[in-house]
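Subject: Structure handover

Hello,

Please find the structure below, followed by notes on what was found in it.

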Amino acid sequence: MSKAIVMEKTGGPDVLKWKDFDPGDPAKGEVLVRHEAVGLNYIDVYHRTGLYPLPSMPAVPGMEGAGVVEAVGAGVSEFKPGDRVAYAGTPPGAYAQVRRIPAHRLVALPDEIAARQGAAMMLQGMTARYLLQGCYDVGRGTWILMHAAAGGVGTIVCQWAKHLGATVIGTAGSAEKATRAAAHGCDHPVVYSEENFAERVKQITNGRGVDVVYDSVGQPTFLKSLDCLRPMGTMVSFGQAAGPVAPLDLKILAAKGSLFLTRPSLMDYTARREDLLAHASDLFEVVKTGAVKIEIDQTYPLSDAARAHKDLESRNTTGSTIFLPE
């Protein structure tokens, strides 16, 4: 029998248990996928802790993977056994050697992209795509501030934004991470533990401020991020790795320059099949051309998911992380 990481309750990393798991045969409209690699993302932590509730318990977490189709259910014509596929988003269930998934959530993985690379890039890469071309139309002359610029989404956004012609300011927690961000397209890395990043942004932009801020950190950076924006700039809060943002009096957006604020989700931006395919296609294109390089910095056995979660929450990881099913 195949195995999976199964949660019977929410809590710390120790609730992630390696157990026998039978996914069953694919139902109508479903595909059975044998994973070659599975991605680790911070949303997995939110699911594990219960911050973002999973539909039911027990549950298999995980939102991203790549592998080979083993079987298809009735009515599935787009895929066949042997096809290479990848996915990111709902429904969860990626932390498994084999899983069932609706066919409309899968995309064909190009021959030029390895399964491990696919598993490392789908969620973070499509997130980068909606940040740069959905929440704000980044192009030549755009100034952006990317928090956690050395992280998985951060390194992709920095490279992609640079490819689009933007100037990138990025924050990082250490000099080592700042160097990493610079190597991935960040023009102005700022070590937030040593400098006031809002003041540095104003210095770098000669007092103008940036056009858009991308913030997945949350509470510690949110209010200062508003101070980094030009009038009518856009604040994109797409995560809360360091804590939730406190309730906000919306008048502050007017006081700081008629700012725009959005709290987006990849699931909304890729809910329609055509939007999912567009996001994946654009991502595959920048990776195949070399404009964006996907680097896998950490690899864990899938059975060791608890350790991976501990490392992620302790900020001991950089870039992309994948699991390999045994």
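Strand S11 (residues 210–215) and strand S12 (residues 229–237) pair in the parallel sense, over five bridges. Please keep in mind that this is a predicted model. Within the pair, Val212 stands opposite Thr234 of S12.

The sheet

S11 and S12 belong to an open sheet of six strands with parallel pairing, in the order S10-S9-S8-S11-S12-S13. The edges are strand S10 (188–191) and strand S13 (260–262); each has a single partner strand, so one side of each is left without a neighbour in the sheet. From one strand to the next the twist averages 15°.

H3 lies across strand S8 (143–146), S9 and S11, and runs at about 170° to S8. Helix H5 (residues 197–204) also packs on the sheet, where it touches S8, S9, S10 and S11. The direction of H5 makes about 155° with that of S10.

Phe260 is in strand S13. In sequence Phe260 and Thr234 are 26 residues apart, while their C-alpha atoms are 4.6 Å apart in space. Leaving aside residues up to four places away in sequence, Phe260 touches Met232, Gly233, Thr234 and Met235.

The largest pocket holds about 1100 Å³ of space. Its lining has 47 residues, and the closest to the centre are Tyr42, Val153, Ser216, Phe238 and Ala241. Several elements each supply at least two residues of this lining: helix H1 (42–49), H2, helix H3 (152–164), strand S9 (167–172), helix H8 (266–269) and helix H10 (305–313). By class, the lining of the largest pocket divides into 23 nonpolar, 20 polar and four charged residues.

The second largest pocket holds about 330 Å³. It is lined by 16 residues, and those nearest its centre are Phe21, Pro92, Gly93, Arg99 and Arg100. Strand S6 (residues 98–102) gives the largest share of this lining, three residues. The classes here are ten nonpolar, two polar and four charged.

Helix packing

Two packed helices are described by the angle between their axes and the distance between the axes.

Helix H2 (residues 115–135) packs with helix H9 (residues 273–288) at an angle of about 110°, and their axes are 9 Å apart. Since angles of 65 to 115 degrees count as roughly perpendicular, H2 is roughly perpendicular to H9. On the H2 side the contact consists of Gln117, Met121, Met122, Gly125, Met126, Arg129, Tyr130 and Gln133. On the H9 side they meet Leu276, Ala278, His279, Ala280, Asp282, Leu283, Phe284 and Val287. The contact of H2 with H9 has ten nonpolar, four polar and two charged residues.

H1 and H10 also pack at an angle of about 110°, with their axes 10 Å apart. These two helices are therefore roughly perpendicular to each other. Tyr42, Asp44, Val45 and Arg48 of H1 meet His309, Leu312 and Glu313 of H10. In this contact, three residues are nonpolar, one is polar and three are charged.

Backbone points to check

A cis peptide bond joins Met57 and Pro58, with omega at about -5°. Pro58 lies in the loop between H1 and strand S4 (64–72). The peptide bond from Thr90 to Pro91 is cis as well, with omega near -5°. Pro91 is in the loop between strand S5 (84–88) and S6. Finally, Ala148 is not a glycine, yet has a positive phi of about 55°. Ala148 sits in the loop between S8 and H3.

Regards

Terms used. Residues numbered from 1 in each chain as written. Predicted model: local features only at pLDDT ≥ 70, side-chain atom pairs only at ≥ 80, totals over all residues. Heavy atoms only, no water. Axes fitted to C-alpha atoms, helices over the stretch in contact; angles between N-to-C directions. Helix = DSSP H or I, 4+ residues; strand = E, 2+ residues; numbered from the N terminus. Parallel < 35°, antiparallel > 145°, perpendicular 65-115°, else oblique. Contact = heavy atoms within 4.5 Å. Nonpolar A, V, L, I, M, F, W, Y, C, P; charged D, E, K, R; others polar. 1 Å grid on protein atoms, 1.4 Å probe; cavity = no way out; pocket = protein on both sides within 12 Å on 5 of 7 lines; lining within 4 Å. Points joined across faces, edges and corners; volume = space filled by probe spheres on them. Pairing = 2+ DSSP bridges.
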